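Subject: Structure handover

Hello,

The structure we spoke about is below, with its sequence. My notes on a strand and a pair of helices follow.

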Amino acid sequence: MTKDTIIYDKNSSVTGIAVLEDGVLSEVEIVTGNQALSGNVYLAKITKKVTLFGDQEGFFVDLGNGKEGFLNANEKDLTDIKLTEGQSIVVQVAQEKRAEKQAKVVRAIQLVGNYVVYCPYRLRVEASSKIDDKQKMAEYMEQVKEHMTGQEGWVLRTASVDVDFAVIAEEMEQLRSVYEHIRMKARSEQAPCLLYAKPDVLFEYLSKHASNMEKLITNSRRIEEEVKSHYPDAFEIEICQNPFEAYGVDETISQALEKEVNLKGGGRITIEETRACVAIDVDSGRDVGGGNYNRINEEAAYEIARQIRLRNLSGKIVIDFAGHSDYKYIKPLLDILKQELSRDSMKNHVVGLTHGGLVEIIRVRRRPSLQDLLTEECTTCHGTGRVEKGA
């Protein structure tokens, strides 16, 4: 079990959260004040209708304050309704804006609690696949069904089986109240406007890491008091004026914006984020003799799993390991990737080895990568990293 430390660095316009697992930085999230955050609910106004592949319809929507989103009219479990330009509609951000793509919004709202997810449109009870105690999971699913009222659905989160069901029942009532508040506000407000802002993202991280938490480091006295009210004496809280600088997070973020990562064993990893996929190449460098490909690739596999989480790489990820691409050489690397990414809070799937000898990973995209958040495309080379030679 890892010993986790969370660093929370907040100033007037930017909030930074970093997770250290056994002292090593594994995750970073940067939140700016003008983001349409994943989970926020808006009363949006439809601004433009577009035709998608297969004669499906899509809509650009105005979320207010300069924020825009894109809505696909076809959603699973939802009844089709006639949408028109100028119409107001309640939507939730499913994926945050990244690079040239607008935020993806959906009509099927989900409210995430510590132990359950409330899905007003789903009409069924589900459970996280990461729950190991299947018997208790089945018991809790039955109890959730008994506590359901009318048209609603629920998902048991991984941590749900660690608490008494009375705690879950109380949270179900709280989430119902939040949804009712959203519905009432939508009837009285004028589009576009924000109906619901999800709680400070810090509490999302605390919920995920509470069982392993050793320390929270923050520069906010307000957050210190708020956290103590939710997690009294659960872990140490340290006040630090500039925590990202003091604990080397700023330096690590700068390194994570570089394309190349040097390995201690002498090899290196090159990471290229493209519009279609993330391409990762493992280069042995000068260290190619004496069967060292296996050692370099194993070291690279551990580091790639860390970089995926640290940089928040998502979508389709393809990896070209050094040397042989036969399955017998790649199998141990797949095992390392699966093991290391099992701790990832984002849903991911190590697909396996392609016919071309590349390892493929699919990782759910909900928020931008560090590169998308902190940099913009060069107006000279337009993202190629190359410029035209002089005459």
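A residue is called buried when its relative accessible area is under 20%. Please keep in mind that this is a predicted model.

Strand β12

By that cut-off, strand β12 (residues 153–156) is covered on both of its faces. G153 and V155 are buried on one side, and W154 and L156 are buried on the other. In a regular strand, side chains alternate between the two faces of the sheet.

β12 pairs with two strands. Strand β10 (residues 116–119) runs antiparallel to β12, with four bridges between them. Strand β11 (residues 125–127) runs parallel to β12 and is joined to β12 by three bridges. W154 takes part in both pairings: W154 is the bridge partner of Y118, and V125 stands opposite W154 as well.

Helices α1 and α2

Two packed helices are described by the angle between their axes and the distance between the axes. For helix α1 (residues 134–146) and helix α2 (residues 165–188), the axes come within 11 Å and cross at roughly 40°. The two helices are therefore oblique to each other, and the crossing of α1 past α2 is right-handed.

Which residues in α1 and α2 meet? On the α1 side they are Y140, Q143 and V144, and on the α2 side F165, I168 and M172. Of the residues in this contact, five are nonpolar, one is polar and none is charged.

Regards

Methods:
Residues are numbered from 1 along each chain as its sequence is written. This is a predicted model: local features need pLDDT of at least 70, side-chain atom pairs count only at pLDDT 80 or more; totals for chains, interfaces and linings use all residues. Side-chain values use heavy atoms; hydrogens and water are left out. Axes are lines fitted to C-alpha atoms, for helices over the stretch in contact, and angles run from 0 to 180 degrees between N-to-C directions. Angles under 35 degrees count as roughly parallel, over 145 as roughly antiparallel, 65 to 115 as roughly perpendicular and the rest as oblique. A crossing is left-handed if the near helix is turned anticlockwise from the far one by less than a right angle, and right-handed if clockwise. Contact means heavy atoms within 4.5 Å. Ala, Val, Leu, Ile, Met, Phe, Trp, Tyr, Cys and Pro count as nonpolar, Asp, Glu, Lys and Arg as charged, and the others, Gly among them, as polar. Buried means under 20% relative accessible area, exposed over 50%, partly exposed in between (1.4 Å probe, protein chains only). Two strands pair if DSSP finds at least two bridges between them.
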